[in-house]
Amino acid sequence: IAGKGGKLKGIFAEAPEAHVIDMAKQGKQAAFTELYNRTEPALRRSLASFKNIDVDDVVQRTYISAFNALKKAPDDPTAFRGDSKFSTYLYRIGQNKAMTAFERQKGEIAGEEITPEIEKTVGHDITPPKVLEQMDLQEALSNALDKVDPLFKEAFIGKELEGKSYE
């Protein structure tokens, strides 16, 4: 079935948002595709005010975060709870990701790479969204590492987080 602009409509094209979200929570790929198709153009428009960021990268990171939140258990505080429309939730994530990208870009332009040490420095611009995003990322990384074989976990932490070599 052809939709707007000649694009094919998915099986959830006419479904209410709540149903599509329920199907995405169950891991239905077509539901994730439908959520993306419904929200991607508006997400890009909402990011247009940010200059000097890689919008494609921010969009990708936003969907990864949002879709991962859909897969989480309802009692997980970082899960999408449905208190707002999915698009509202998504745009907020997008804005946070764009602010982070903008701050990183601004720091690189000023000749300083924004490192965790600099972020902890008194007087550095730490915004509440950045703090929340960092907390979410740390929790997501911790949760992911808890599912990895301990040997691989130790190797990853040593290499990626502590800067050690694999040897």
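This is a predicted model: local features need pLDDT of at least 70, side-chain atom pairs count only at pLDDT 80 or more; totals for chains, interfaces and linings use all residues.
Me: How do the axes of α1 and α2 lie relative to each other: roughly parallel, roughly perpendicular, roughly antiparallel or oblique?
Reply: The axes of α1 and α2 come within 8 Å and cross at roughly 135°. Angles of 65 to 115 degrees count as roughly perpendicular and those over 145 as roughly antiparallel. The two helices are therefore oblique.

Me: Is the crossing of α1 with α2 left-handed or right-handed, and how many charged residues does the contact have?
Reply: As α1 passes α2, the crossing is left-handed. From α1 the contact draws on E17, V20, I21, M23 and A24, and from α2 on A31, F32, E34, L35 and R38. By class, seven of the contact residues are nonpolar and none is polar, while the number of charged residues is three.

Me: Is the crossing of α2 with α3 left-handed or right-handed?
Reply: Helix α2 spans residues 29–46 and helix α3 residues 55–71; their axes come within 11 Å and cross at roughly 140°. That angle makes α2 oblique to α3. The handedness of the crossing is right-handed.

Me: Which residues of α3 meet α2?
Reply: On the α2 side, the residues are F32, L35, Y36, T39, E40, L43 and R44. By class, the contact of α2 with α3 has nine nonpolar, two polar and four charged residues. The residues that α3 brings to the contact are V55, D56, V59, T62, Y63, F67, L70 and K71.

Me: Which element gives the largest share of the largest nonpolar core?
Reply: This core has 24 residues, of which L35, F67, L70 and F86 touch the most other members. The elements that contribute two or more residues to the core are α1 (17–25), α2, α3 and α4. The largest share, six residues, comes from α3.

Me: Which residues does F67 contact, leaving aside its neighbours within four places in sequence?
Reply: F67 is among the core residues that touch the most other members, and F67 also takes part in the contact of α3 with α2. With its neighbours within four places in sequence left aside, the contacts of F67 are F32, L35, Y36 and F86.

Me: Is A98 buried or exposed?
Reply: A98 lies in helix α4, residues 86–109. Leaving aside neighbours within four places in sequence, A98 is in contact with L47, F50, I53 and V58. Its relative accessible area is 0%, and since buried means under 20%, A98 is buried.

Me: How far apart in space are A98 and V59?
Reply: In sequence, A98 and V59 are 39 residues apart. From C-alpha to C-alpha, their separation in space is 8.8 Å.

Methods
Residues are numbered from 1 along each chain as its sequence is written. Side-chain values use heavy atoms; hydrogens and water are left out. Axes are lines fitted to C-alpha atoms, for helices over the stretch in contact, and angles run from 0 to 180 degrees between N-to-C directions. Helices (H or I, at least four residues) and strands (E, at least two) are DSSP runs, numbered from the N terminus. Angles under 35 degrees count as roughly parallel, over 145 as roughly antiparallel, 65 to 115 as roughly perpendicular and the rest as oblique. A crossing is left-handed if the near helix is turned anticlockwise from the far one by less than a right angle, and right-handed if clockwise. Contact means heavy atoms within 4.5 Å. Ala, Val, Leu, Ile, Met, Phe, Trp, Tyr, Cys and Pro count as nonpolar, Asp, Glu, Lys and Arg as charged, and the others, Gly among them, as polar. Buried means under 20% relative accessible area, exposed over 50%, partly exposed in between (1.4 Å probe, protein chains only). A nonpolar core is a set of buried Ala, Val, Leu, Ile, Met, Phe, Trp, Tyr and Cys residues joined through side-chain atoms within 4.5 Å.
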